[in-house]
Amino acid sequence: MWPWKEQSSSLAVWRSKCGAGRDSTSSPSKHVLTEDIVHREVTPDQKLLSRRLLTKTNRMPRWAERLFPANVAHSVYILEDSIVDPQNQTMTTFTWNINHARLMVVEERCVYCVNSDNSGWTEIRREAWVSSSLFGVSRAVQEFGLARFKSNVTKTMKGFEYILAKLQGESPSKTLVETAKEAKEKAKETALAATEKAKDLASKAAGKQQQQRQHFV
Amino acid sequence: MNSVGEACTDMKREYDQCFNRWFAEKFLKGDGSGDPCTDLFKRYQQCVQAIKEKEIPIEGLEFMGHGKEKPESSS
């Protein structure tokens, strides 16, 4: 907080925060490259509306530069909308970045007014919101993974059901354990039957050969 | 502070000086009428518009971010 001395303090706030007359009266911010007023009007109820466009250097940590190389070269464009209401002695600003938005959006709202307990003080109420579609990406990856897993489990279960249905030959559904036992038994039977058949075929074949030999002699 | 359009910086400074004077001496003292800087502002705007539109997407954005009153954080 700093003392609000009516118009002069408002002017000080305006100058330091909003950059009017920034050159000599406020401390230089090295990361702010340009500043332009892109809209300004006085409303019928005597409020001053302004929109400022700022460009700032894009200072990313190294790890972010590696992950998002396309963003490194571009400065950050920021809009600052403000309403100055001298009659009610308030000023409201809303600031947000309009590029690099897919990476992250930071929004800030400041309300400057006279402190209710001490009219010699300026009060600032600041709110900020940080959002990123990257949260959306990680959420999407998570949802995809889960959906894919569920789908795979469903396929697996369907596969089991298919095999079980075949083994059971359309009889009413049984438990896995029972079915497994049955499957084992059936497999044994099949194996035995196959062996018998093989023996049978072999002996038949042997018989045929003998006949043929006799013929040629 | 420079303008985003290098050619516009002088026009911007001229407008800023006019505006600062009007703001401190008139507007804050309750006299919001008769803005003497409109011509300067028009000239400065025309200069900046041409450059802005090429690169920076500032069209169609609601003033004050459509009155944000977010109660809690959201993604």
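Between chain A and chain B, the count is 1 salt bridge (a side-chain nitrogen of Lys or Arg within 4 Å of a carboxyl oxygen of Asp or Glu). Lys12(B) forms a salt bridge with Glu35(A), with the closest N and O atoms 2.8 Å apart. The model is predicted: local features need pLDDT of at least 70, side-chain atom pairs count only at pLDDT 80 or more, and totals for chains, interfaces and linings use all residues. Residues are numbered from 1 along each chain as its sequence is written, chains are lettered from A and ligands numbered from 1 in the order in which they are written, and side-chain values use heavy atoms, with hydrogens and water left out.

The contact (heavy atoms within 4.5 Å) takes 44 residues from chain A and 38 residues from chain B. The area buried between the two chains is about 3500 Å² (accessible area, 1.4 Å probe, lost on putting two parts together, summed over both). Carbon and sulfur atoms give 65% of this area.

In chain A, 6 strands (DSSP E runs of at least two residues) form an open sheet in the order S1-S2-S3-S4-S5-S6. The pairing (at least two DSSP bridges between two strands) is antiparallel. Strands S1 (32-42) and S6 (122-131) stand at the edges, each with a single partner strand, so one side of each is left without a neighbour in the sheet. Strand S3 (residues 76-85) is joined to strand S4 (residues 90-97) by 8 bridges. Ser82(A) stands opposite Thr93(A) in S4(A).

Asp85(A) is found in strand S3 of chain A. Asp85(A) touches Lys47(A) and Thr90(A), not counting residues up to four places away in sequence.

Definitions and conventions:
Helices (H or I, at least four residues) and strands (E, at least two) are DSSP runs, numbered from the N terminus.
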